[in-house]
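Here are some notes on the model, as numbered points. Please read them alongside the coordinates.

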Amino acid sequence: MSCCQTLPMNPWNHDVAKDEKDLIDVQVDGVWLKMPRGLNVVEVAHRSKKFIPHYCYHPKLSVVGNCRMCLFEMGTPKMNADRSPVLGLDGKPEIAWMPRPQIGCATGVTQGMGIRTDSPLVKDCRNGVMEFLLINHPLDCPICDQAGECKLQEYSVEYGTGASRFVEDKVKKPKNVDLGERIVLDDERCILCSRCVRFSSEVMKEDVLGFVNRGSHTTLTAYPGKRFDSPYSLNTVDLCPVGALTSKDFRFQMRVWFLKETKGFCTSCATGCNTTIGSREGKIHRLTPRENESVNSSWMCDYGRLNFRQLDSSDRLTRPLLRAAGAQFPASWTDAITKVADGLKNVKPEEVAIVASARLTNEELFVLGRLAKELGTTQVDTVPHHGTADGFLRSGDANPNTRGAELLGLTSGGRKIISWEAAILTGKIKALLVLGGEDVATTGISPKALAQLDVLIFSGILGNETSRMAHVVLPSTGFAEKTGSMINGHGRLQRMTRAVAGPGEAREDWMILRDLRMALTGGNSLHSVEDIWKAMALEVPQFAGLSWAKIGDLGVQLETRSDLSERTLVKA
Amino acid sequence: MACREHRLVFKNIDVRGYTRDIACYQKHGGYGILKKGLAIGGPAIRDEVKKSQLRGRGGAGFPTGTKWSFIDPTKTTKPIYLICNADESEPGTFKDRQIIYKDPHQLLEGMILSCFANGVKLAYLYIRCEFTEGWKIMEKALEEARTAGFLGKNILSSGYDLEIYVHRGAGAYICGEETGLIESLEGKRAYPRIKPPYFPAVLGLYMCPTIVNNVETLCNVKHIVEMGGEAYAKIGRPNNTGTRLLCVSGDVVRPGYYEFPVGALTLGQLINDVCGGIRNGNRLKAVIPGGSSAKVLKAGEVYKIKEKGLDGKMMEKEVGLEDLRLDFDTLAAAGSMAGSGGVIVMDHTRDMVECLANISAFYAHESCGQCTPCREGVLWLKKILGRIAVGHGREDDPALLKEVADRIAGRTICAFGEAAAWPVQSFITKFKAEFSARIARNGSASRRDTISLLH
């Protein structure tokens with residue numbers, strides 16, 4: 001059950017009662033329970049640990065009641081002439097059952113209502129709907145991407161019949177329809193639940209999809225002259241209960257039952273949409289949004305969803321590189337770390353500058369903070385990355401952990417970096433440590449300045465202009481390849497767990513920094529993310545009382561701190 | 001019992017010399033009742049309609065006074081809309097079109113009175129798309145009424161403003177379902193709304209309180225205002241008051257439209273006396289009494305019907321098909337319905353398999369496709385029936401048809417599910433032997449050209 005908080009992006013939140021404290025008596029399958037008044041029967045059943053199957057109903061979309069899968073038997077209390085309820089032998093109100101089944105999605109509970117979710121009538125209703133939905137369905141499960149997570153399959157097992165009584169020709173409809181840049185539609189698989197239509201018009205406020213033709217020939221299509229190219233179009237693939245809408249990126253790539261699911265969040269901007277990372281044998285195949293009513297509800301943008309492809313890039317850095325004789329050569333981690341440590345030892349503390357990154361996790365930034373302190377430098381900053389806020393989920397801050405960097409005191413929002421070009425050219429800065437794969441050219445540090453440095457160290461997942469000039473290149477890991485936490489733009493602390501290993505010899509940044517500290521100072525007590533958390537909880541006031549485990553799968557809203565944010569943050 | 005027509009709504013229909021222009025209408029006393037209505041006031045009109053016990057003539061037979069009483073014009077802050085449902089498309093029904101084509105001002109007068117009674121400032125006349133001529137007639141009639149001051153601002157100096165617009169339908173049977181009609185009027189696909197929560201009286205057109213009444217119903221309002229509710233209630237029978245327009249089609253000598261007090265005559269009288277009996281000297285086989293969606297009644301059937309005897313006590317008596325009184329309650333008690341008043345008569349030469357295949361082909365074509373059981377089930381019914389009709393029936397088909405129909409009725413968003421399922425349920429149950437015989441002689445060519453209807 002989601003928390004009582006609801007996001008303004010959704011026009012509906014049927015899973016939340018108008019007043020969660022206004023409780024009434026409801027009988028579910030013979031058991032009297034207290035439930036919030038007006039909550040719909042599908043949600044009431046859910047809260048009663050019962051399940052009413054449904055296709056078209058979605059708590060964040062308007063109720064249309066077209067699939068008829070959630071039909072249930074409804075009763076109202078029998079009344080005496082004086083409007084008092086008739087009591088049975090057990091002292092409980094007697095219920096008069098209606099002969100006609102009702103839809104659970106559109107029925108709000110009232111005082112004394114009776115609900116039957118598994119009576120013979122209800123079973124026959126479900127069996128009937130299943131039969132109807134399948135008679136014209138192509139039954140092409142062996143080649144369907146939805147197989148394994150298809151509601152038609154699941155409910156067939158639960159409520160359907162093994163054999164079909166349908167011997168007629170099936171209705172033919174368009175197949176392999178190129179609906180948009182990222183979406184393919186198979187109209188024969190479509191059960192016309194209209195979830196995608198409603199998502200588009202109600203959540204995205206864009207009328208693109210609709211039905212044409214009538215009866216069994218009804219066909220989902222895009223409006224004439226329009227394509228379904230919404231930046232959030234792939235959410236309809238998740239919403240589609242069957243295999244009608246498929247993602248061009250994922251289709252025919254992997255059977256879903258082979259996917260290992262890891263909980264994470266998207267690092268493509270400061271929103272930090274919660275995700276489920278689907279991977280198999282070290283390769284990520286897809287990202288899907290994971291419901292979190294405090295962050296992204298059930299949605300995420302297509303850009304963030306497909307951004308994991310950069311982890312597959314052929315430009316990935318997979319081995320440490322050392323510069324010698326004007327070129328970079330592969331080296332061992334030991335040699336690379338030693339080279340870095342030696343380089344840093346040969347410059348004065350005030351001659352060291354660190355380009356931290358708001359793409360790093362809190363844990364990595366914390367270790368980096370210790371390193372900076374040990375090096376004795378205060379010249380630490382991050383590179384701002386601006387995106388375009390779309391008023392929905394995309395944030396104007398393309399860095400996922402600006403708040404973490406602020407909290408840990410490792411950024412001035414790029415204001416310090418501006419002066420570093422001059423400092424390098426005048427010899428005041430002799431060593432530059434670049435983390436998080438930043439390209440410092442974007443901050444005004446020219447290749448000419450970089451060429452003057454005695455020590456240029458680069459760590460990142462992809463090569464760029466900075467890495468090509470570095471004396472030491474340290475290959476690190478991307479978002480799905482590491483474990484750590486970040487703070488999103490609204491001050492929510494969230495954690496992610498490593499889904500796959502990085503390529504080649506790439507290492508997580510906190511490990512790289514740990515090894516560097518050991519090489520520089522010889523001492524260290526931070527050998528795991530949990531260790532780092534213990535230290536952070538003691539040193540960072542906002543983290544007081546927290547631990548890795550306490551962050552949980554849905555994150556923790558940090559308390560309002562003026563140094564953390566000027567925006568109003570709400571404690572969860 | 002005399003079988004003379006009692007023409008109230010049809011009083012001037014087909015009368016020699018009667019034209020549809022406003023001058024003729026006014027010459028016959030037209031818009032005089034409007035003056036009376038404006039004088040007695042809205043609440044008084046509503047009161048008279050309630051006293052009249054008028055029941056809706058569109059098909060469901062819901063009491064009009066009760067429907068109106070769901071809306072209180074003094075309490076609602078939203079505008080109240082009235083929609084005249086002129087989307088007449090139930091097979092076997094052709095009564096509303098007589099009014100629209102031949103006496104449009106009667107409808108307008110009834111509509112204006114009903115609007116006035118319910119505090120409606122804006123009303124729509126939703127007319128079936130196929131009534132192209134009717135649409136033009138109504139537009140012209142509206143223009144005439146506006147010019148004459150019966151519409152627009154300050155009608156007849158009463159201070160009451162009303163505008164009526166004609167909206168042409170979208171060419172689909174489902175547009176006649178009242179919430180489908182409302183959606184269509186709003187410019188969307190005519191997908192019927194779920195009830196609850198979208199009861200038109202609460203969340204109707206543009207989510208405002210809305211009254212949807214049939215053409216014949218609105219015409220009756222005029223006559224109720226004219227004669228008073230109590231006098232109107234004396235026509236017909238208790239709870240089945242007023243007159244009813246009956247459309248008789250099929251195998252009778254004189255098919256056509258007739259108007260009788262509700263329950264004044266029996267089915268047998270209608271067929272034999274009014275319509276001149278079964279044509280070609282054939283025998284009666286079956287009757288669909290209220291439009292194609294009503295359950296079929298079979299010749300020779302005897303129904304147990306409860307009604308008040310002379311001593312005032314409820315008693316049950318056995319009534320044969322031809323002795324069934326043509327009113328709402330009797331036909332409901334006989335397991336069918338008065339529906340839209342479309343009486344379809346079939347003689348002994350009719351092949352029930354083909355009749356049902358024909359009906360199902362209509363419903364399969366008209367299912368809107370919104371909800372699963374109707375969308376998938378009705379086409380399935382049509383396919384099975386088509387298969388039987390062309391000689392590829394299977395032994396299990398009658399049972400399958402019945403089961404499929406049973407899983408549609410009562411489980412859909414609107415009453416279309418019942419409309420499509422009831423014919424199948426009743427034909428299969430009552431003419432089972434005929435279906436079995438047809439399947440047994442598979443392969444032989446069908447006698448009538450049903451195939452063209454099925455594909």
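1. Chain B is assigned domain 1 (22-234), domain 2 (240-347) and domain 3 (352-454). Such bounds come from an automatic or database domain assignment. This is a predicted model: local features need pLDDT of at least 70, side-chain atom pairs count only at pLDDT 80 or more, and totals for chains, interfaces and linings use all residues. Residues are numbered from 1 along each chain as its sequence is written, with chains lettered from A and ligands numbered from 1 in the order in which they are written.

2. In chain B, the C-alpha centres of domain 2 and domain 3 are 24 Å apart. Seven residues of domain 2 of chain B contact nine of domain 3 of chain B (C-beta atoms, placed from the backbone, within 7 Å). The domain 2 side has three nonpolar, two polar and two charged residues (nonpolar: Ala, Val, Leu, Ile, Met, Phe, Trp, Tyr, Cys, Pro; charged: Asp, Glu, Lys, Arg; polar: the others, Gly among them).

3. Chain A splits into domain 1 (23-118), domain 2 (170-312) and domain 3 (321-557). Centres of domain 1 and domain 2 of chain A, over C-alpha atoms, lie 33 Å apart. Nine residues of domain 1 of chain A and 11 residues of domain 2 of chain A make the contact. The domain 1 side holds five nonpolar, three polar and one charged residues.

4. Strand 13 (residues 274-280) of chain A pairs antiparallel with strand 14 of chain A over six bridges. Strands are DSSP runs (E, at least two residues), numbered from the N terminus; pairing needs at least two DSSP bridges. G278(A) sits opposite R286(A) of strand 14. Two residues lie between the strands of this hairpin, where E281(A) has a positive phi near 50°.

5. Why is strand 14 (residues 283-289) of chain A largely enclosed by the rest of the structure? Because five of its seven residues are buried (20 or more other C-beta atoms, placed from the backbone, within 10 Å of the residue's own; exposed is 12 or fewer, partly exposed in between).

Notes. Contact = placed C-beta atoms within 7 Å. Helix = DSSP H or I, 4+ residues; strand = E, 2+ residues; numbered from the N terminus.
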